[in-house]
Amino acid sequence: MNKFLTKLDRYILKKFLGTFATSILLIMFIVIVFDISEKLEDFKLPTYREIFVDYYLNFIPYFVNKFSPLFVFISVIFFTSRMASRTEIVAILTSGVSFKRFLRPYLIGATLIASLSLFLNHYLIPVANKTRMVFMEKYIDRNYVYSGRNIFREISPGVTLYMQSFDNSENTGTTVTLDELKGQELRKKTYAREIHYDSTTNKWTFTDYWGRDFTKPGRSQVMFKGKSFDTTLNLSPKDFGRAENQKESMTTSELTKFIKAEEDKGSDDLQVYQIEKHNRNASPFATFILTIIGVTVSSRKERGGIGKHLGFGLALSFGYIFVQQIFISLAQTSVMPIGLAVWTPNIIFSVICVYLLRSAQK
């Protein structure tokens, strides 16, 4: 290890990881204080153990990972600018160390952080979010309202349900179609003006229904209609939970299986899940890009020192977030392929990275 990491590598790596950890801890402490003050009324119900173990212990890795690329960027600019202002970088480069060699400890640090982020994204955070989401649904989002449109569900093999809209505040759906198939053959088709769920009996009531039955012997079809009828379905209003809760609490393998199953059912509202899947790899990769940009921006000694570098760095940070949100919106509206839209901010900033790297002091 000592042969691989020279004294210079250890010096820069220590500053890199130390500054990153300190900045994350400080911001996390501030966020937790504000979060507690905002949720003070909700926190009167759970126990202290539930608050700190079930919620905050699972919230911390989620928060750290979500903003780690930006905190890496700001940390790199901060301590590298200080090194530049003390003429340390000039001394390093004039001693015969190339700029590419100077970058090595930064890339080692970025690799460690990106690797940890990948592990958190694909495995640990989804598991932690399961507990955190249960806590939030029980104590914080008790009055959450779901009002979705164009809902399609395969509630059991061969039985599919479509609703034009569903409102969980009244447990009521409108413009309903229930199809029953055997293989590729349609056996029964039921339409209803409205459907309502009774939580006491766990039954669904179809109101103003009509339809066609193709199972009667000797008859091609039988028309039927009525005012209402009750039935049980393998479906509950809880199944219409928030998509962000579902996607954030599934490991990548579970998320992949879920997307495949929904595609097989014919669901077409899967953008939020596909964006989440691609973003789990794209976000850690951004750590490398922002690290290199941070070094090239802040390694030159200039008038204005740390303040100028931090200002430019924050502008680039907000620029990255802005570009990211634009392309995520394009992915959500199916204007662009989801994979391309999620990775485009990294591609754009990779070009900026190459340009700045070529113009960096040698």
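I began with a salt bridge, finding that the side chains of Asp54 and Arg49 meet in one at 3.6 Å, N to O, where the term stands for a side-chain nitrogen of Lys or Arg within 4 Å of a carboxyl oxygen of Asp or Glu. Before going on I noted that this is a predicted model, in which local features need pLDDT of at least 70 and side-chain atom pairs count only at pLDDT 80 or more, while totals for chains, interfaces and linings use all residues. I also noted that residues are numbered from 1 along each chain as its sequence is written, and that side-chain values use heavy atoms, with hydrogens and water left out.

**Entry: salt bridges and burial**

For accessibility I took buried as under 20% relative accessible area, exposed as over 50%, and partly exposed as in between, with a 1.4 Å probe and protein chains only.

I then looked up Arg280 and Glu276, whose side chains form a salt bridge at 2.9 Å, N to O. Both residues lie in helix H7 (residues 271–298), four residues apart, and are therefore separated by about one helical turn; helices here are DSSP runs of H or I with at least four residues, strands are runs of E with at least two, and both are numbered from the N terminus. Arg280 is buried, with a relative accessible area of 2%, and Glu276 is buried too, at 16%.

Salt bridges that share partners join Arg193, Glu194, Asp208 and Lys227 into one network. Within it I checked Arg193 and Glu194, whose closest N and O atoms are 3.9 Å apart; Arg193 is partly exposed at 44%, and Glu194 is partly exposed at 26%. The count by this rule comes to 13 salt bridges.

I followed the strand pairing next, where two strands pair if DSSP finds at least two bridges between them. Strand S2 (residues 159–167) runs antiparallel to strand S3 (residues 172–182) over eight bridges, and Ser165 has Thr174 of S3 as its bridge partner. Four residues lie between the strands of this hairpin, in which Asn171 takes a positive phi near 55°.

S3 also pairs with strand S4 (residues 185–198), again in the antiparallel sense, over ten bridges, and here Thr172 has His196 of S4 as its bridge partner. The hairpin of S3 and S4 has two residues between the strands, and Gly183 takes a positive phi near 70° in it.

**Entry: Gln274**

Returning to helix H7, I looked up Gln274, which is found there. Leaving aside neighbours within four places in sequence, Gln274 is in contact, meaning heavy atoms within 4.5 Å, with Ile259, Glu263 and Ile338. I also recorded that the C-alpha atoms of Gln274 and Thr200, 74 residues apart along the chain, are separated by 36 Å.
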